[in-house]
Amino acid sequence: MLLATAKRILDNSASVLKRHRDIKVEIAGFADTRGPESYNMKLSERRAEAVREYLERAGVDAARMSARGYGESHAGASDMSANGLAESRRAELQAKGR
């Protein structure tokens, strides 16, 4: 499930991607370090796939997107606080060329 704030960001991203049809993106999903690593890997994959599906429904050509989960390997949390852990639970769009 995507948060309302994420949907607004993704709507903007979809708009940009539809205007620049030569850009391909990888959607990278991440998880925090709590829980088993295997669970976090699957969670990050589901997170990336949810974003890919949302962008496809918004009109972005599926052939231009790939989704990949990175688990907790790039958690990115600056600390183990609630805010730090939340920073790790994310998806990022990474341009992969034209």
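A salt bridge is a side-chain nitrogen of Lys or Arg within 4 Å of a carboxyl oxygen of Asp or Glu. The legends below concern a predicted model.

**View 1. Glu-92 and Arg-90 form a salt bridge.** Their side chains meet at 2.8 Å, N to O. Glu-92 is partly exposed, with a relative accessible area of 29%. Arg-90 is also partly exposed, at 21%. Elsewhere, salt bridges that share partners link Asp-32, Arg-34 and Arg-89 into one network. The structure holds 5 salt bridges.

**View 2. Arg-52 pairs with Glu-49 in helix α2.** The salt bridge spans 2.6 Å, N to O. Helix α2 covers residues 37-57. The two partners sit 3 residues apart there, so about one helical turn separates them. Arg-52 counts as buried because its relative accessibility is 16%, and buried means under 20%. Glu-49, at 27%, counts as partly exposed.

**View 3. Arg-52 also meets Glu-56.** Glu-56 is partly exposed, with a relative accessible area of 36%.

**View 4. The fold around these sites has 3 helices and 3 strands.** Along the sequence they follow the pattern α-β-α-β-α-β. The C-alpha trace spans about 40 × 25 × 20 Å along its principal axes. Buried residues make up 32% of the 98.

Terms used
Residues are numbered from 1 along each chain as its sequence is written. This is a predicted model: local features need pLDDT of at least 70, side-chain atom pairs count only at pLDDT 80 or more; totals for chains, interfaces and linings use all residues. Side-chain values use heavy atoms; hydrogens and water are left out. Helices (H or I, at least four residues) and strands (E, at least two) are DSSP runs, numbered from the N terminus. Buried means under 20% relative accessible area, exposed over 50%, partly exposed in between (1.4 Å probe, protein chains only).
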